[in-house]
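Dear colleague,

I am passing on the structure we spoke about, and I would be glad if you kept it open while you read the notes below it.

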Amino acid sequence: MDFTAQKIGRVFFDYSDYISFIIQGTTMEQYAIKGGNPLVGEVEIGGAKNAALAILAAAIMTDETVVIENVPDVRDTNVLMQAMESIGVIIQRIDRHTVKINASQINDLIIEDDYIKKIRASYYLLGALLGKYRKAEVALPGGCNIGLRPIDQHIKGFRALGADVRIEHGLIITETKQLRGNHIYMDVVSVGATMNVMMAAVMADGQTVIENAAKEPHVVDLANFLNSMGANIKGAGTDVVKIRGVAKLHGTEYGIIPDQIEAGTFMFAAAVTKGDVTVKNVIPKHLESISAKLLEIGCEVEESDDAVRVVASKPLGHTHVKTLPYPGFPTDMQPQITVTLGLSAGTSIVTESIFENRFKYVDELTRMGANIKVEGNTAIIDGVGKYTGASITAPDLRAGAALVIAGLSADGITTIDDIKYIERGYEDFHLKLQGLGAQIDRIATDREMQKFKLKVG
Ligand code: UD1
């Protein structure tokens with residue numbers, strides 16, 4: 001655990017001490033930011049959190065050992081692994097980003113509420129356990145800060161495969177003697193339902209066809225991972241995914257794709273701070289919708305094989321954007337582009353079409369001087385010349401990261417509370433930003449705040 005002790009300046013007694021610290025969150029901690037420095041330099045992007053969550057869960061679908069590389073060391077992946085350990089999965093961290101998983105000793109098929117409360121994506125264990133053991137009980141996830149999050153399409157998919165699904169005492173209980181392939185039409189494009197049903201179908205009898213499937217890079221990554229374990233999945237990345245059931249899956253070694261959203265966040269951080277940042281270890285194709293918007297507002301974007309450089313040397317212009325399923329502009333980048341357009345000349349319109357309550361952070365941004373009016377799922381943004389530092393709170397993961405970006409460009413000092421949300425999905429966020437010249441520290445006490453103020457002058 002040396003790396004963690006170094007990272008957050010705290011020494012842990014053992015792995016469980018570290019995990020309970022991660023689970024309890026770090027509500028006392030804040031980011032302190034002194035804005036004004038253009039971000040300049042190179043930053044390495046980690047493994048995709050949303051791919052890792054599904055792939056870690058899917059690793060329990062074989063009794064053989066699975067090695068997964070490029071797992072981001074963030075709160076969500078750590079909590080999911082703890083949920084997996086709670087049912088007897090043996091997980092060994094080989095290094096900070098590589099885990100060895102063996103699920104041959106699973107002794108329980110129930111995932112408790114505690115985990116689901118901390119991380120919705122524990123529900124991937126429903127599809128994985130149902131697919132392998134024909135039975136699973138997982139606490140029902142509730143809504144969250146960005147709106148209602150129904151799981152009707154997951155349930156519809158499991159039922160279509162022949163599973164009985166019922167909700168009792170806050171648990172989703174699903175079981176069957178036999179899973180049978182079927183034709184499933186998804187009423188909405190859902191990343192989670194596509195991945196959960198894919199896992200449930202992988203060892204079903206016969207062929208399953210998922211129509212209107214999500215096409216996100218992490219859906220493709222999960223399919224590639226399962227195929228490397230012996231599954232037979234075709235069409236991932238298109239609207240129609242075909243899964244021919246196989247008798248069993250075997251061990252594998254697999255590396256997770258780079259995180260599209262982490263990369264996009266640094267690309268917008270470059271734009272907002274008028275910087276020059278090369279994001280490395282990315283798949284530029286996954287970033288096309290983000291690059292296109294940056295070009296539209298006047299940034300230069302240079303792509304190479306596994307890096308994208310964003311240079312913002314001219315004043316930023318306005319644009320309109322609507323979030324859509326992949327390959328459209330990602331909802332997980334909506335707060336970051338809104339923060340950027342808040343400083344761009346003219347009027348921009350951002351329409352959120354995936355989640356109904358994803359503009360909550362605008363109130364915080366208004367406290368920093370933004371001029372944004374939210375009407376339903378639309379934000380009408382009149383660009384202002386600058387933001388000014390304020391004490392604000394991160395309402396959720398991506399909005400929290402976007403507010404950090406706002407702070408980096410603001411006049412004066414910004415403090416951001418509830419950074420536990422940001423740390424759910426960004427590894428070493430403040431350290432990576434420091435590496436690009438940002439004045440940002442993670443602070444826990446008034447004394448640390450005083451030290452920060454003295455340091456930044
Ligand atoms: C995943 C991502 C999240 C991202 C989102 C959309 C993970 C862990 N999270 O969330 O970061 O913002 O994709 O790209 O990968 N819906 C239903 N019924 C369902 C399922 C979803 O109506 O059964 C709706 C949702 O309310 C939402 C839309 O479908 O309006 C898309 O949701 P979905 O793609 O399922 O998002 P998640 O998988 O939860």
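P327 sits in the loop between β18 (320–322) and α12 (334–341), where helices (H or I, at least four residues) and strands (E, at least two) are DSSP runs, numbered from the N terminus. The peptide bond that leads from Y326 to P327 is cis, with omega near 10°. This is a predicted model, in which local features need pLDDT of at least 70 and side-chain atom pairs count only at pLDDT 80 or more, while totals for chains, interfaces and linings use all residues. Residues are numbered from 1 along each chain as its sequence is written, and side-chain values use heavy atoms, with hydrogens and water left out.

Most residues other than glycine have a negative phi, and most peptide bonds are trans. N70, which is not a glycine, has a positive phi of about 65°, and it lies in the loop between β3 (66–69) and α4 (75–85). K274 also belongs to a loop, the one between α10 (260–272) and β15 (276–280), and its phi is positive too, near 60°. With a relative accessible area of 23%, N70 is partly exposed, a class that lies between buried (under 20% relative accessible area) and exposed (over 50%), using a 1.4 Å probe and protein chains only. K274, at 41% relative accessibility, counts as partly exposed.

Helix α14 is mostly covered, since 13 of its 13 residues are buried. At its start, a side-chain oxygen of D396 reaches to within 3.2 Å of the backbone nitrogen of R398.

Best wishes

Terms used: A polar contact is a pair of N or O atoms within 3.5 Å; within protein, one must be able to donate a hydrogen and the other to accept it, and residues adjacent in sequence count only if both atoms are side-chain atoms.
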